[in-house]
Amino acid sequence: MSKQFLVPASSQRKNGNSAALCREFTRGAEESGHHVETIFLRDKKIGYCLACYHCKNSGGVCAIKDDMADILDKMNDADVIVMASPVYFYAIDARMKPLIDRTVAQWVTKTRETRQCREQNPRARHALRRSVGGFGGSRRFFGTSRGQLPLENIALMCQSQLSCR
């Protein structure tokens, strides 16, 4: 059965490592018969969540008028969401964080619904989290490094761990 994939990608560089991983992921998913839409956040206007909770009182509609409403619609329609972000200081980059924060507009309306769904079917929602990062050379940024993986190996790991049925 074909699935709808949505890939919000926050890399600033069109030919950077995150963009290359998105291309490989897309290629593999499409070769498997799935539809993939990639949204490059560098081309979108997404404001910061104001924590005003307008969304809580308006059925999940955010008070901020920007590109996020369209992205939320696509996220709701997707069967699978794969977020691709460069890793800076051991975290996602500054373009991905507002997107995640702004999903609160949907969260506040779906909490009860999701809880009921999980009570009926504990395996109703699944998530795969794969985070890979590294720097070249022998010096690492203050942290522990387990080495770098070639892009092809990362794509194979994702392909083998994400069930596309």
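Student: Which residue forms a salt bridge with lysine 74?

Tutor: Let's take the general idea as our start. Side chains of opposite charge can pair when their charged atoms come close. In this predicted model, lysine 74 pairs with glutamate 37, and their closest N and O atoms are 2.6 Å apart.

Student: Is lysine 74 buried, exposed or partly exposed?

Tutor: Lysine 74 is partly exposed, at 33% relative accessible area. Glutamate 37 is partly exposed too, with 25%.

Student: How many salt bridges does a search of the whole structure find?

Tutor: The search finds five. One of them joins arginine 102 to aspartate 66, with 2.8 Å between the closest N and O atoms. Here arginine 102 lies in helix H4 and aspartate 66 in the loop between helix H2 (54–57) and H3, so parts 36 residues apart in sequence are tied together. Buried means under 20% relative accessible area, so arginine 102, at 2%, counts as buried, and so does aspartate 66, at 16%.

Student: Which residues do salt bridges with shared partners join into one network?

Tutor: Those are Glu24, Arg27 and Glu31. Within it, arginine 27 and glutamate 24 have their closest N and O atoms 2.5 Å apart. These two are three residues apart in helix H1 (residues 17–31), which means about one helical turn separates them.

Student: And how many disulfides are there?

Tutor: Zero in the whole structure. For cysteine 52, the nearest cysteine sulfur is that of cysteine 62, 6.3 Å away.

Note on methods:
Residues numbered from 1 in each chain as written. Predicted model: local features only at pLDDT ≥ 70, side-chain atom pairs only at ≥ 80, totals over all residues. Heavy atoms only, no water. Disulfide = S-S within 2.5 Å. Salt bridge = Lys/Arg side-chain N within 4 Å of Asp/Glu carboxyl O. Helix = DSSP H or I, 4+ residues; strand = E, 2+ residues; numbered from the N terminus. Buried < 20%, exposed > 50% of the residue type's maximum accessible area, 1.4 Å probe, protein only.
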